[in-house]
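Reader: I would like to go through the disulfides and the nonpolar cores, with the cut-offs stated.

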Amino acid sequence: MRPYLTHFAVLYAFLASFGVEIHALSPNYSACQLQQNAPLTGCPDGTLFVSPTDSRAHFKTVQAAVESLPETGDAIILIGAGEYFEKVNVTRSAPLTLLGQLDPNTARDPAGNASQRNLVHIWYNLYVLPGMTDQDTSTLTVAPLPGQQSGNTDFKAYNIDFENRAAKYSISQALAGSFMYSNASFYGCTFAGWQDTWYTGVNAYSYAFDTIIYGQTDYLFGSGMAWFQNVILANRACGGGIVAWVGTEGTRNGAFIADSKIIRSPDANSTTVTDSRCYLGRPWNPLAITVYLRTYMDESIHPNGFTHWSGKTSVSSTTYFAEYRSSGPGGNTSKRLPQEYILTDAQVNEKFTLESVFAGTPTWIDFEYVA
């Protein structure tokens, strides 16, 4: 078994023992995703097939398949099981769906959970060096070409692992996913990094469901609007905060984490101390917004919850940090920062549903998967 497969198999086995499983399969695409003798059986017409080993594949790399697409029209790419050492850069504005191939034995149990995780793993190993931007390091980028401000209107990915393997510690900014001027959503995926794993940037809207995100330092960061539903945030170590966000006056741009779990990562070094060391977030600017809703928090969470930015002595009164019905050993809010809001049922129902945050129901989210 290849090293990356062993690595993720161990993580998935641990998470399964923790009660973390895939919670859904796509009713629209699962027939296409389940491995079969003819790989495109059950796939929508026109689906492209990528595989590094299957001679029937249209392309050997994901990026080659993406670059072959016309600028208009919906497109679907089925990615065969395997390891892909490459950067994937999506610049087209028309809708695009990436499907990770799944084991044919994947099936829901009576509770509706699926039996295993992903077979497709895309990884790269860049970190910020002089002359580079944070986004240059990202394994997956969904953003328009430089100088343009109209990115992908509807990007979806299902059951794919994205990883930045620049180092096994916070070496510098080293992104697994970067999204700008786009609508991007993810289902049953994994994003693995250490510092700045996930970036939702300028004029971007992102959504993740049933997804695992690994990191150490500010591993959810950005300036756009991001909603994380039913995700696992796995602390490989503690540094900065889980979330670092830039807010914009007159908007609700921020990070919203709902019905999720925060745990010490199963691959954290045995000598790494995380108990009461990890902060829920810190403000990248004074208008930062970070909200946790109904989230389980293990022993790794610091009693104060949030913290100030490095070099500052306090959190600005214009920063909006909030929690609602946090649970677990780290979910005790009695010692939280005085600037933090502990929300009521009425406040959540009025202001912090997905529909209220996005000012409507986004048409680019697959609600059939999350049902």
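Author: A disulfide joins Cys238 to Cys278, with an S to S distance of 1.9 Å. The model is predicted: local features need pLDDT of at least 70 and side-chain atom pairs count only at pLDDT 80 or more, while totals for chains, interfaces and linings use all residues. Residues are numbered from 1 along each chain as its sequence is written, and side-chain values use heavy atoms, with hydrogens and water left out.

Reader: How many disulfides does the structure hold?

Author: A disulfide is a pair of cysteine sulfur atoms within 2.5 Å. The structure holds 2 of them. With the bonded cysteines of the protein numbered in sequence order, the pairing reads 1-2, 3-4.

Reader: Which hand does the link of Cys238 and Cys278 have, and where do the two cysteines lie?

Author: The link of Cys238 and Cys278 is left-handed, with -75° about the S-S bond. Cys238 is in strand E18 (residues 232-239) and Cys278 is in the loop between strand E21 (261-264) and strand E22 (281-283), so the pair ties together parts 40 residues apart in sequence. Helices (H or I, at least four residues) and strands (E, at least two) are DSSP runs, numbered from the N terminus.

Reader: Is Cys278 buried or exposed?

Author: Buried means under 20% relative accessible area, exposed over 50%, and partly exposed in between (1.4 Å probe, protein chains only). Cys278 has a relative accessible area of 3%, so this residue is buried.

Reader: What is the torsion about the S-S bond of Cys32 and Cys43?

Author: That torsion is about 85°, so the disulfide of Cys32 and Cys43 is right-handed. Cys32 sits in helix H2 (residues 30-33) and Cys43 in the loop between H2 and strand E1 (48-50), 11 residues apart. Their sulfur atoms are 1.9 Å apart, and both cysteines are buried.

Reader: Which residues touch the most other members of the largest nonpolar core?

Author: In soluble globular proteins, nonpolar side chains tend to be buried together. A nonpolar core is a set of buried Ala, Val, Leu, Ile, Met, Phe, Trp, Tyr and Cys residues joined through side-chain atoms within 4.5 Å. The largest one has 53 residues, and Ile77, Phe155, Phe186, Trp198, Phe228, Leu233 and Tyr292 touch the most other members. A second, separate core of 31 residues includes Tyr158, Phe209, Ala322 and Phe352.

Reader: What does Glu340 touch?

Author: Contact means heavy atoms within 4.5 Å. Leaving out residues up to four places away in sequence, Glu340 touches Asn304, Phe306, Phe321, Ala322 and Glu323. Glu340 is in the loop between strand E25 (320-324) and strand E26 (341-342), and at 9% relative accessibility this glutamate counts as buried.
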